[in-house]
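The following exercises are to be worked through with the sequence and the structure in view. Each task is followed by its solution.

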Amino acid sequence: MRRSGFVFSGLLTLALPGAALAWSHSGAFGTASGGRGSWSASGYRGGSASGGDGSWSGSGFRGSSASGGDGSWSGTGFRGGTASGSDGSWSGTGWRGGTASGSDGSWHATGASDGTASGGGGYWHATGPYGTTAYNTTAYYGGTYSTYHPPAVVNSYYGSGCYNCGGWGTAGAAAAGGFLGARLAQARAAEAAPPQQPTYVMGGIYPSLPAGCVQSSQGAGSYYNCNGTWFSAAFGANGVYYRVVSAPAS
Amino acid sequence: MRSARVRSFVSCLSFASAVGLLGVARPAIATEPVGSPTAPADPGPVVAAIEPKALELLKAMSARLAAANTLSFTALTTYESPSRLGPPLAYTTLSQVSVQRPNRFRVLTTGDGPATEVYDDGKTLVAFAPAENLAAVAAAPPTLDGALRLLHESAAFYLPFTDVLVADPYGDIADGIEVAFVVGQSQIVDGTTTNIVAFAAGRSFQQVWIGADDQLPRRIRAVYGDDPSRLRHDLELSSWKLDGEIPEGAFTSAKAAAATRIPFERPDPKPPGGIPGASVEPAAKNSQSGGRP
């Protein structure tokens, strides 16, 4: 991907000087030609670029493409990620499903695993896939008691678990991102999908342990081996929680 | 930071102003003939003032709490947290609180949410999860204020009634106070007459119902300026008992002492460089008993 872009920009340097008159050039690594306000070029691996009348387009040898004109632009990566922008706003989607967008000095992003972040005007906040939230105010850590902090919401709060409750262990509190509509659409789209077994992520936080864990107290903590995944227990945010960790040194 | 605070409260007050506009417009619509457009009455500018009467009520509440050698009460906490759909859900916890000044306290959270027991006998600070039989233990700071701060800083453990427990409640409230006014009186809350005070201080906007006869807080609602969702936190305080007898053994627990030790540790993402004192390792004891939730 990066190499393709490099070839593309190198060819552009060749092409631009000949914009006023017809010209062409062929070398060991590609060809370029232009005239009467338009130009085109191709690299030896198959990448190509062209432009004229204030617009341009290009494609990389792996299938990535980009184009622009009249103050807008768009691009598609060879793995499926997309990005576009115009009139001071922009948006993008990663090939794994993460999204980002911005305009007027603010931005918002959602990771492939449901974490979100947004900011603007020197302020940002982020919510991880487990519901923990952070703000960039210096008072959050060690400030006065009047500072906001995330409450201890856990999925097992009312015993049986609540998949729409948010908080830890549900992979996705959704404080930001619109009122119901987008989330309901996502939910309906996923209705046909079979329920997934939880995937325990290194460093992830969970309100309870899966079945079949074996406790092991080592050093200054309590650890649990749950079918090969290790958890440590700690007391924080008004309750006990478990974090996925590397196997403790024995 | 101060300018950010002011902006925060201006937005709160703008909202209150908008609500006021609606309230004024309603009776005008009811009395005017249909089809006669009536401009809503101008409620006047927002008054960002500190009413002496409001401070007087807050000081009286603080003095009553600070003067008590022992106090106990029941705290019903309701707080909002975003659902996965976006709009918040409300969660409740029920806590039985006992305090013996200057440095002993016990908080037993028994209803809804994770059951927890916190003990501080002036020497040892223990946070115990009875269902899991796990306990975090640390040397107790010399004051109750210090213990609450240790819990907050090392484990993001925050008692919503902290401002009631500290040695100088008014000192906490008045720190950075920018707006304070009397809302009125209520006969509803906790079945008694209360004076209602609203104030903005630090990064919070709070409304407090204070007993007209005994100056004790009966209800506190708060929103926080650092929270972009403006989630609401509600605290109902009842069964007050001041200067009563508290049994000597109330501030320790044999079960907690025998539980498997775990550390105090914040679960939230750590900023670059870490947080000073963010994790407190457990004291020496390390039991193998129990521990499996």
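**Exercise 1.** Which strands of chain B does helix H3 (residues 144–155) of chain B lie across?

*Solution.* Helix H3 of chain B lies across strand S2 (88–100), strand S3 (104–111), strand S4 (116–120), strand S5 (124–129) and S6 of chain B. Its direction runs at about 45° to S3(B); axes are lines fitted to C-alpha atoms, for helices over the stretch in contact, and angles run from 0 to 180 degrees between N-to-C directions. Helices (H or I, at least four residues) and strands (E, at least two) are DSSP runs, numbered from the N terminus.

The model is predicted: local features need pLDDT of at least 70, side-chain atom pairs count only at pLDDT 80 or more, and totals for chains, interfaces and linings use all residues. Residues are numbered from 1 along each chain as its sequence is written, chains are lettered from A and ligands numbered from 1 in the order in which they are written, and side-chain values use heavy atoms, with hydrogens and water left out.

**Exercise 2.** Determine the strand order of the open sheet in chain B.

*Solution.* Step one: the twelve strands follow the order S7-S8-S9-S10-S11-S1-S2-S3-S4-S5-S6-S12, with mixed pairing; two strands pair if DSSP finds at least two bridges between them. Step two: strand S7 (177–186) and strand S12 (260–262) of chain B are the edge strands, each pairing on one side only. Step three: from one strand to the next, the twist averages 20°. Step four: strand S6 (residues 134–139) of chain B pairs with S12(B) in the parallel sense over three bridges, and B:Ala136 stands opposite B:Ile262.

**Exercise 3.** Is B:Phe199 buried or exposed?

*Solution.* B:Phe199 lies in strand S8 (residues 194–201) of chain B. Because its relative accessibility is 1%, B:Phe199 counts as buried (under 20% relative accessible area; exposed is over 50%, partly exposed in between, with a 1.4 Å probe and protein chains only). Leaving aside neighbours within four places in sequence, its contacts (heavy atoms within 4.5 Å) include B:Leu58, B:Ile173 and B:Val179. The C-alpha atoms of B:Phe199 and B:Val179 are separated by 5.2 Å, although the residues are 20 apart along the chain.

**Exercise 4.** Describe how S2(A) pairs with its partners.

*Solution.* Strand S1 (residues 23–27) and strand S2 (residues 30–35) of chain A are antiparallel, with five bridges; A:Ser24 stands opposite A:Ser33. S2(A) is also antiparallel to strand S3 (residues 38–43) of chain A, over six bridges. Two residues separate S2(A) and S3(A) in a hairpin, where A:Arg36 in the turn has a positive phi of about 55°.
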